[in-house]
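Subject: Structure for you to look at

Hello,

I am handing over the structure we talked about.

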Amino acid sequence: MGSGPWDFGWCTILQANYIRRVDLINHGYGGYNTEWARVILPHILEDVRSPSLFTLFLGANDCTTEINKRQHVPLPRYSANIAFLLDTVKQKFPECRIVVISPPPMKEDQWEKQLIDRGEPYQLDRFNRIVKQYHQACCNVVTEVMQSNANVTLIDNWNLLLGPDYATLTDREIDEKLVGYLSDGLHFAKIANEKLAEKILESIKIKFPELHPDAISPSFTNYWEVDPDDLSTLFPKK
């Protein structure tokens, strides 16, 4: 849902911040897991030329229970897949900066209501106690990579949405803190998209300041700065 304009998707927000500065391409695929991503990523990278920054946000579908045979990926395999995806990008583009975003918490009651409202038979296949394991696995893999690679950084979605004491929260407290953040118990609503986009920009400014929008000049001049008698002013001064 990162591109959804109806919920001010975080990718859409980033595109607005980088407008006229860089091309930001969203290759996210709804419903995909890391098993499928490891197959399509090499094909995606074939069409990309020297990217400066790459974001990786996977795991919310992997952590479904085994009753969801389409999307479930076992935890050890998920960890291996995250490591594989990171290594694939690093091998192809060694200088590319990578921002990994951990699977976020969910609201079980809200997601169950969403399933009921569809009017179809269902079994609840997502639980925060399991999501948390995949979140931690993602953080563990990325933290280990960060020790030897300064071009990789991590955004902890549980910390972002629940605060630094999230490990001590009860299920009820998690549900209370997530009110307003999720559109259906799983996908980000406007406020969560805004928080994530803000956090990504903050992380870029700290870790990769040369890639922050403030550090990148527009490709061409703002219209009010153009001299109609001197069209060389279309190009920003170096």
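This is a predicted model: local features need pLDDT of at least 70, side-chain atom pairs count only at pLDDT 80 or more; totals for chains, interfaces and linings use all residues.

Sheet

The sheet is open and has three strands, in the order β1-β2-β3, with parallel pairing. Its edges are β1, residues 53-57, and β3, residues 152-155, each of which pairs on one side only. From one strand to the next the twist averages 20°. Strand β2 covers residues 97-101 and is joined to β3 by four bridges, the two strands running parallel.

Helix α5, residues 128-146, lies across β2 and β3 and runs at about 150° to β3. Helix α8, residues 190-207, lies across β1, β2 and β3, and its angle to β3 is also about 150°.

Cavity

How many cavities of 30 Å³ or more does a search of the whole structure find? The search finds one. The volume of this largest cavity is about 50 Å³. Its lining consists of Ala60, Cys63, Pro104, Pro105, Met106, Arg126, Val131 and Leu186. By class, that lining has seven nonpolar residues, no polar ones and one charged residue.

Second largest pocket

The second largest pocket holds about 210 Å³ of space. Its lining residues are Ile67, Asn68, Lys69, Arg70, Gln71, Trp111, Arg118, Tyr122, Gln123, Asp125 and Arg126. They divide into three nonpolar, three polar and five charged residues.

Salt bridges

There are nine salt bridges in the structure. One of interest pairs Arg172 with Glu176, with the closest N and O atoms 3.5 Å apart. Why are Arg172 and Glu176 separated by about one helical turn? The two are four residues apart in helix α7, residues 171-177, so about one turn of the helix lies between them.

That is what I have on this model for now.

Regards

Note on methods. Residues are numbered from 1 along each chain as its sequence is written. Side-chain values use heavy atoms; hydrogens and water are left out. Two strands pair if DSSP finds at least two bridges between them. Axes are lines fitted to C-alpha atoms, for helices over the stretch in contact, and angles run from 0 to 180 degrees between N-to-C directions. Contact means heavy atoms within 4.5 Å. On a 1 Å grid over the protein atoms alone, a cavity is a set of points where a 1.4 Å probe fits but cannot get out, and a pocket is an open set with protein on both sides within 12 Å along at least five of seven lines; lining residues have an atom within 4 Å of a point. Grid points are joined across faces, edges and corners, and a volume is the space filled by probe spheres set on the points. Ala, Val, Leu, Ile, Met, Phe, Trp, Tyr, Cys and Pro count as nonpolar, Asp, Glu, Lys and Arg as charged, and the others, Gly among them, as polar. A salt bridge is a side-chain nitrogen of Lys or Arg within 4 Å of a carboxyl oxygen of Asp or Glu.
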